[in-house]
Amino acid sequence: MKERNEKLMKIFWLRPAYQRHHSFGARWRSSTNKKTAAALTAALFLLLAVIFVVSVSTFRGWVDLVQTRYSLLSGKNETEVFEFPIPLDCVAWNKTSTCPGNYPTSSYLNFSDLPAPPTCPEYFRWIHEDLKHWKGTGITREMLEKVRRNAHFRLVISGGKMYVEKYRESIQTRALFTMWGIMQLMRWYPGKLPDLELMFDCDDRPVVPAKDYRRPDSGPPPLFRYCSDEQSLDIVFPDWSFWGWAEINIKPWRSVMKDIKEGNKKTKWKDRVPMAYWKGNPHVTPTRADLLKCNLTQQHNWNTLLYVQDWDQESKNGYKQSNLEDQCTHRYKIYIEGWAWSVSEKYILSCDSPTLYVTPRYHDFFIRGMIPQHHYWPIRDNDKCKSLQFAVEWGNNRTDKAQAIGEAGSHFMQEDMKMEYIFDFMFHLLSEYAKLLRFKPEIPQNAVEVCPESLACSADGLFRKFMEESLEQSPSNTAPCTLPPPYDPQQLGAFLDQKIRATKQVEAWENEYWSKRNKK
């Protein structure tokens, strides 16, 4: 598997077609004939008139994306035409080793002309919190260059195109699928992302300590990654697995959510095994090894069933025992961090079963919008076994309340975390970040243009399959959700107090439960 990953990364980074002098050769199909342009323009107006008559109320700029001709009139009176859907064009890529340019890098769609979109989910407000450290000073090039030694790659968006300069290898193909995800965002909202330049670290733990940048003018370096903590200033971004984790056969998020939704229907919640379930790798961190002490034994029943996941063995067996949709068979699911935050979090929360959430150190981009006792049940990290046993007994004695917690968590994942919102979060985060830049983004000398064909056409196996499965073949026909305003200090304080009170209430119930048991 390691050799396969290395081969894939070498194909991506070392192909000569990625050199910048090839990147600018791609052009949209254009017609310079004035009669052809006039005919196409007339056809476009006729099409819009028909659509307007059929459905005025539902017209939102992009219509019938399955078979639509999309035309742009350039400043040179050249009409550029696209037909959707647009799949990978590996034939063109393999002939020229050049990004084919068969997908628009700009859009006539004006968000301000569309009906007002809904307000984004609550967790979007943390975008403002994560970027507030640069609100007063902005982000200078000097700040950005400070984290070059930590970054796996530099990413530049310029003129609707994406360029990457690589610095070091990432774990497995994290960097590759992160770039793929950002490329899908650009296809979802073509031409809508501003020019920007950023550094991305694909490792697990944050590396920008807040204590080193306490002065208002201290200029912390901006570094994007998958998680952070209360002591760090790293900027959190959706992880690579939303577009698939090929190394362990986890499908892209849209497909996984469909599978888990069907899996939830197989066994009604009250008919599920009335215990807490966890399956994972206990060797990555001491807290997971400590969790295994809570397993069911002949001497004690902590109301748990805990299993060790052997990914090497699973790979040999074709991952038959690790399908996520088949793991929604217990009333309760346990989430516990790994080396940092764990990718498993979003899948565990999707199962319609209350998530018993072991107190974390790290946060990803969405968990801060979830509330204890409503979306999940908090578990003490320093007394896991007793905390887990109480949680299961509490839920089994109050099945309606426990079931409601599981459904609320699952609904959050199915609705507030649907792929459209993942793209919207990325869009708003990158747009707000770009506003802070105090320099003009530049394409580095060693950067290469990235397009779907350059990433996917040389891949094979699950890597290729998941890229094709998660490819956005048409632009969105709606504007991004409306970014809510930042918390004011009172609002943020009240929200955090609500979460603290809910957790402390559970701890008080636990203390009372064990106090009564110990007296017997």
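Let's start with one cysteine: C351 has 1% relative accessibility, so it counts as buried. Buried here means under 20% relative accessible area, with exposed meaning over 50% and partly exposed in between, using a 1.4 Å probe and protein chains only. Before going on, a word on the source: this is a predicted model, where local features need pLDDT of at least 70 and side-chain atom pairs count only at pLDDT 80 or more, while totals for chains, interfaces and linings use all residues. Residues are numbered from 1 along each chain as its sequence is written, and side-chain values use heavy atoms, leaving out hydrogens and water.

Back to our cysteine. Which residue does C351 join? A disulfide connects it to C328, with 1.8 Å from S to S. By disulfide I mean a pair of cysteine sulfur atoms within 2.5 Å. This link is left-handed, with -80° about the S-S bond. The two ends come from distant parts of the chain: C328 is in the loop between α10 (311-316) and β12 (330-335), and C351 in the loop between α11 (344-348) and β13 (355-358), 23 residues apart. Those labels come from DSSP runs, numbered from the N terminus: helices are H or I with at least four residues, and strands are E with at least two. C328 counts as buried too, because its relative accessibility is 2%.

How many disulfides does a search of the whole structure find? The search turns up five. If you count the bonded cysteines along the chain, the pattern reads 1-9, 2-8, 3-10, 4-7, 5-6. Let me walk you through two others.

Please find C90 and C457. Their sulfur atoms sit 2.1 Å apart in a disulfide. The torsion about that S-S bond is about -90°, so the disulfide of C90 and C457 is left-handed. C90 belongs to helix α4 (residues 90-96) and C457 to the loop between α15 (452-456) and α16 (461-469), so this pair ties together parts 367 residues apart in sequence. C90 has 12% relative accessibility and therefore counts as buried. C457, at 11%, counts as buried as well.

Now look at C120 and C481, another disulfide with sulfur atoms 2.1 Å apart. Is the link of C120 and C481 left-handed or right-handed? The torsion is about 100°, so this one is right-handed. C120 is in the loop between α4 and α5 (126-131), and C481 in the loop between α16 and α17 (489-519), so the bond ties together parts 361 residues apart in sequence. Both C120 and C481 are buried.

On to the aromatic rings. The rule takes rings of Phe, Tyr and Trp (its six-membered ring) and pairs them if their centres lie within 6.5 Å; planes under 30 degrees apart are stacked, over 60 edge-to-face, and the rest tilted. That rule gives a count of 39 aromatic pairs. One of them is Y123 with F124, a tilted pair at 5.0 Å centre to centre and 45° between the planes. Y123 and F124 are both buried. Another is W126 with Y487: their centres are 5.8 Å apart and their planes at 65°, so this pair is edge-to-face. W126 lies in helix α5 and Y487 in the loop between α16 and α17, so the pair ties together parts that are 361 residues apart in sequence. W126 counts as buried because its relative accessibility is 9%, and Y487 is buried at 8%.

There is also an aromatic cluster, whose members include Y123, F124, W253 and F412. Keep W253 in mind, please.

My last stop is a pair of helices. The axes of α8 (residues 253-266) and α13 (residues 399-416) come within 11 Å and cross at roughly 145°. Axes are lines fitted to C-alpha atoms, for helices over the stretch in contact, and angles run from 0 to 180 degrees between N-to-C directions. Which residues of α8 and α13 make the contact? From α8 we have W253, M257, K261 and N264, and from α13 we have S410, M413 and Q414. Contact means heavy atoms within 4.5 Å. Let's finish on Q414, which is placed in helix α13. Setting aside neighbours within four places in sequence, Q414 is in contact with M257 and K261. Q414 is buried, with a relative accessible area of 18%.
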